[in-house]
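User: I would like to understand how the labels given to residues follow from their definitions. Could we go through them one at a time?

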Amino acid sequence: MNLSIKAFGIARDFLGEGITTFIVKDGTTIHVFKRALAKDYPDFEKIKSYAIAVNQEYKEDGYIIREGDEVAIIPPVSGG
């Protein structure tokens with residue numbers, strides 16, 4: 001299935017663009033999505049952790065992504 005991916009911060013740099021499409025199998029969890037993402041974009045291994053939002057709501061690794069979902073990759077931010 002095709003997912004619409006929005007990436008922010010350093011994740012955007014890793015993907016080379018802010019919005020893209022990513023293909024995963026039906027029934028894919030966020031955990032599996034993160035592994036697939038790191039396989040295709042190894043720079044994601046550099047981030048210790050990052051949040052995933054599905055349809056503008058933060059979700060845990062066990063959440064199953066569905067066709068048509070909008071997935072946002074939100075890396076940690078620092079500031080002062």
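**Labels and their cut-offs**

Analyst: N55 is found in the loop between strand 3 (51-54) and strand 4 (57-59); helices (H or I, at least four residues) and strands (E, at least two) are DSSP runs, numbered from the N terminus. This is a predicted model, in which local features need pLDDT of at least 70, side-chain atom pairs count only at pLDDT 80 or more, and totals for chains, interfaces and linings use all residues. Residues are numbered from 1 along each chain as its sequence is written, and side-chain values use heavy atoms, with hydrogens and water left out.

User: Why does N55 count as partly exposed?

Analyst: Buried means under 20% relative accessible area, exposed over 50%, and partly exposed in between (1.4 Å probe, protein chains only). N55 has 40% relative accessibility, so it counts as partly exposed. N55 also has a positive phi of about 50° although it is not a glycine.

User: What makes Q56 count as exposed?

Analyst: Q56 has a relative accessibility of 71%, and therefore counts as exposed. Q56 is found in the loop between strand 3 and strand 4, and its phi is near 70°, a positive value in a residue other than glycine.

User: How do you know that the buried residues of helix 2 line one face?

Analyst: In helix 2 (residues 30-40), the buried residues are I30, F33, K34, L37 and A38. Seen down the axis of helix 2, these fall within an arc of 135°, so they line one face of the helix; the arc is that of the directions from the helix axis to the C-beta atoms. The face of helix 2 turned away from its buried side carries the exposed residues R35 and K39.
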